[in-house]
Each structure stands twice: as structure tokens, then as C-alpha cells.
Amino acid sequence: MRSIVTERLVLRPWTAEDLSAWQALHSDPAVLEFVGDGTPPDAETVAERLDRVIESWDDRGIGLFACERLDPGGDEPLGWVGFAEPTFLPELLPVLEIGWRLGRDAWGHGYATEGARAALNWAFEQDLIDRVVSCVQVGNQRSSAVAERLGMRPLFRTVVPAHRRWADIYELTAAEWEP
């Protein structure tokens, strides 16, 4: 997989060398407020998740992109955008979820929308997906706004069994996609 370059970002697969950035992102309680039950996982779990993210590219040819600023000195990931199987909601399967998670310093700059739009465009153009969902915890207004800016439409609301929090499910099909 090669990188995707947007006006301000570079999207690329994660590597083992990115572990410290991955751990920083997944240990910030503010970043994780609307992720699972909001509790940061331990360092071992975070490292195992990065290993799975790296393996997903080898196994499926699609996954989570490290999201970096294109400007000089922007080679440290801001966070991620990309695709994963939402196994926490079996009622949705089989489908991939588009998601985004950025560090606090990257909030409010439009990076999540820009990165997710580029990832969606790439996946639809490559015929890797024909439909995608996004699972947004109720109350996460920033992520709901990103989903809506991407042209996703609300599908339904459900409770995620693992943490018993409500989530709004958004959907977008290849036929609906407007780059």
C-alpha cells in the first residue's frame, strides 16, 4: 500500500516504529471519551492493537492509516483514519467501518474530514468496499459532524453490548459517494 496525499495530510499504513505515537493517542482520556467505556487500555493491550492494525494491511489490503501533516516536521502521526471491522456490533457484519481518532492538538482543523474523505475515495475507487458504516457514540458531536460532512446518512441507533453505551450508526454506499 502506498501513501495517500491530500492538500495537508499524508495517510500511510502504521508501522511498529509508530508505537510511541499510537500509545500516546490511546492513553489520553479526552481522546477516548467516546471510545468504548472511555477507559484507556493498558500498554500491552495498546501494543497488541497496533500489531493487529499492521497485520490487517497484510491480510485484507485495507485498514487504519496513520495520519500525518504534510508540512515539514509533520512526520509524527496526528492519529488515524481508516477502516476496521466493527466486531463490537455483530448486527452490522459483514461491513467495514470508517473511523477517525486524532490527538487533541489536531482537533478543530478539519483533519478528520480531510483524511476520511481521502480514505473513502481511495477505497471506493479501488472497489475495496461498496458500503461503509460509522459508529458514533451518542453525544460525540464532533464525530457526528464529520460523518455528516462525508455525506453519510443516519441509519439507526443501538446499544453497543460490550460497554452498554448508545451509538448512532451512519451509512454510505459507493453509489451515494461524492468525492
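Q: How do the residues lining the second largest pocket divide into nonpolar, polar and charged?
A: Ala, Val, Leu, Ile, Met, Phe, Trp, Tyr, Cys and Pro count as nonpolar; Asp, Glu, Lys and Arg count as charged; the others, including Gly, count as polar. Here the lining has eight nonpolar, two polar and four charged residues. This is a predicted model: local features need pLDDT of at least 70, side-chain atom pairs count only at pLDDT 80 or more, and totals for chains, interfaces and linings use all residues. Residues are numbered from 1 along each chain as its sequence is written, and side-chain values use heavy atoms, without hydrogens or water.

Q: Which residues lie nearest the centre of the second largest pocket?
A: A pocket is an open set of points on a 1 Å grid over the protein atoms alone, where a 1.4 Å probe fits, with protein on both sides within 12 Å along at least five of seven lines; lining residues have an atom within 4 Å of a point. This pocket has 14 lining residues, and L25, P77, L78, G103 and R104 lie nearest its centre. Helix α1 (residues 19-25) gives the largest share of the lining, three residues. Helices (H or I, at least four residues) and strands (E, at least two) are DSSP runs, numbered from the N terminus.

Q: Which residues of the largest nonpolar core touch the most other members?
A: A nonpolar core joins buried Ala, Val, Leu, Ile, Met, Phe, Trp, Tyr and Cys residues through side-chain atoms within 4.5 Å. Buried means under 20% relative accessible area, exposed over 50%, partly exposed in between (1.4 Å probe, protein chains only). This core has 34 residues; F83, I98, W100, L120, I129 and V132 touch the most other members. Its largest share, nine residues, comes from α3. A second, separate core of 11 residues includes W14, W22, A66 and W80.

Q: What does W100 touch?
A: Contact means heavy atoms within 4.5 Å. Beyond four places in sequence, W100 touches W80, V81, A112, A116, S134, S143, V146, A147 and L150.

Q: Which residues of α4 are buried?
A: S143, S144, V146 and A147 are. Seen down the axis of α4, the buried residues fall within an arc of 160 degrees (taken from the directions from helix axis to C-beta atoms), so they line one face of the helix. They pack against β5, α3, β6 and β8. After α4 comes G151, with a positive phi near 90 degrees.

Q: Where is the place of T15?
A: T15 sits in the loop between β2 and α1. T15 counts as partly exposed because its relative accessibility is 30%. Leaving aside neighbours within four places in sequence, T15 contacts L50 and I54. T15 and L50 are 35 residues apart in sequence, yet 8.2 Å apart in space, C-alpha to C-alpha.
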